[in-house]
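I opened my notebook for a new chain today. Here is what I looked up, in the order I went.

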Amino acid sequence: MLYMALFGLGTFPLMYIVSLSGKLISLKVRGMFNRAVPYVGMALAVLFIVRGLGLGIPYLSPKVVQTEQHTTEMSCCSKPK
């Protein structure tokens, strides 16, 4: 319970500033953000799906190599150990 209370106290100042800063941004900019949010969400969804498939695409979807002992994740530039 103490950890949660300290976390709340630590995040309160930034959350308060963000809530007040909405009035400083013009309606035109807010409209642009509102139009961009669905596209960013779709792009993230596609990225997570491609990463989950484990196709081995460099920098996008690391290939997962399974051995008898353990499973290792390979990056685009490393070799399995």
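**Confidence.** Where in the chain is confidence lowest, and where is it highest? I found the lowest in strand 2 (residues 71–73), at a mean of 58, and the highest in helix 2, at 93. These values are pLDDT, the predictor's confidence in each residue, from 0 to 100. The chain as a whole has a mean pLDDT of 84, and 83% of its residues reach 70 or more.

**Ground rules.** I noted that this is a predicted model, in which local features need pLDDT of at least 70 and side-chain atom pairs count only at pLDDT 80 or more, while totals for chains, interfaces and linings use all residues. Residues are numbered from 1 along each chain as its sequence is written, and side-chain values use heavy atoms, with hydrogens and water left out.

**Layout.** I listed two helices and two strands, which run α-α-β-β from the N terminus on. Both kinds of element are DSSP runs numbered from the N terminus: helices are H or I with at least four residues, strands are E with at least two.

**Surface.** I looked up the accessible surface of the chain, which comes to about 7,700 Å², with 71% of it belonging to carbon and sulfur atoms. Such areas come from the Shrake-Rupley method with a 1.4 Å probe, and for residues only the protein chains shown count as cover. Of the 81 residues in the chain, 6% are buried. Here buried means under 20% relative accessible area, exposed over 50%, and partly exposed in between (1.4 Å probe, protein chains only).

**Helix 1.** I traced helix 1 over residues 2–21. Its 20 residues reach 29 Å from first C-alpha to last, close to the 28 Å expected at 1.5 Å a residue; the expected span is 1.5 Å times one less than the number of residues. How many of its 20 residues are buried? The count is zero, and I wrote helix 1 down as hardly covered. At Phe-12 helix 1 bends by about 35°, and Pro-13 follows within four residues. The bend at a residue is the angle between axes fitted to the seven residues ending there and the seven starting there.

**Aromatic pair.** I then checked the rings, where the count comes to one aromatic pair. Phe-12 and Tyr-16 have ring centres 5.9 Å apart and planes at 20°, so I logged the pair as stacked. The rule covers rings of Phe, Tyr and Trp (its six-membered ring) with centres within 6.5 Å: planes under 30 degrees apart are stacked, over 60 edge-to-face, and the rest tilted. The two residues are separated by about one helical turn, because they sit four residues apart in helix 1. Phe-12 is exposed at 53% relative accessible area, and Tyr-16 is partly exposed at 46%.

**Helix 2.** I moved on to residues 27–53, where the 27 residues of helix 2 reach 40 Å, close to the expected 39 Å. A kink of about 30° lies at Ala-36, shortly before Pro-38. Just after helix 2, Gly-54 takes a positive phi of about 60°.

Is Val-50 buried or exposed? Val-50 is buried, at 19% relative accessible area, whereas Ile-49 counts as exposed at 54%. Leaving aside neighbours within four places in sequence, Val-50 is in contact (heavy atoms within 4.5 Å) with Leu-55, Ile-57, Leu-60 and Ser-61. From C-alpha to C-alpha, Val-50 and Pro-62 are 9.7 Å apart in space and 12 residues apart in sequence.
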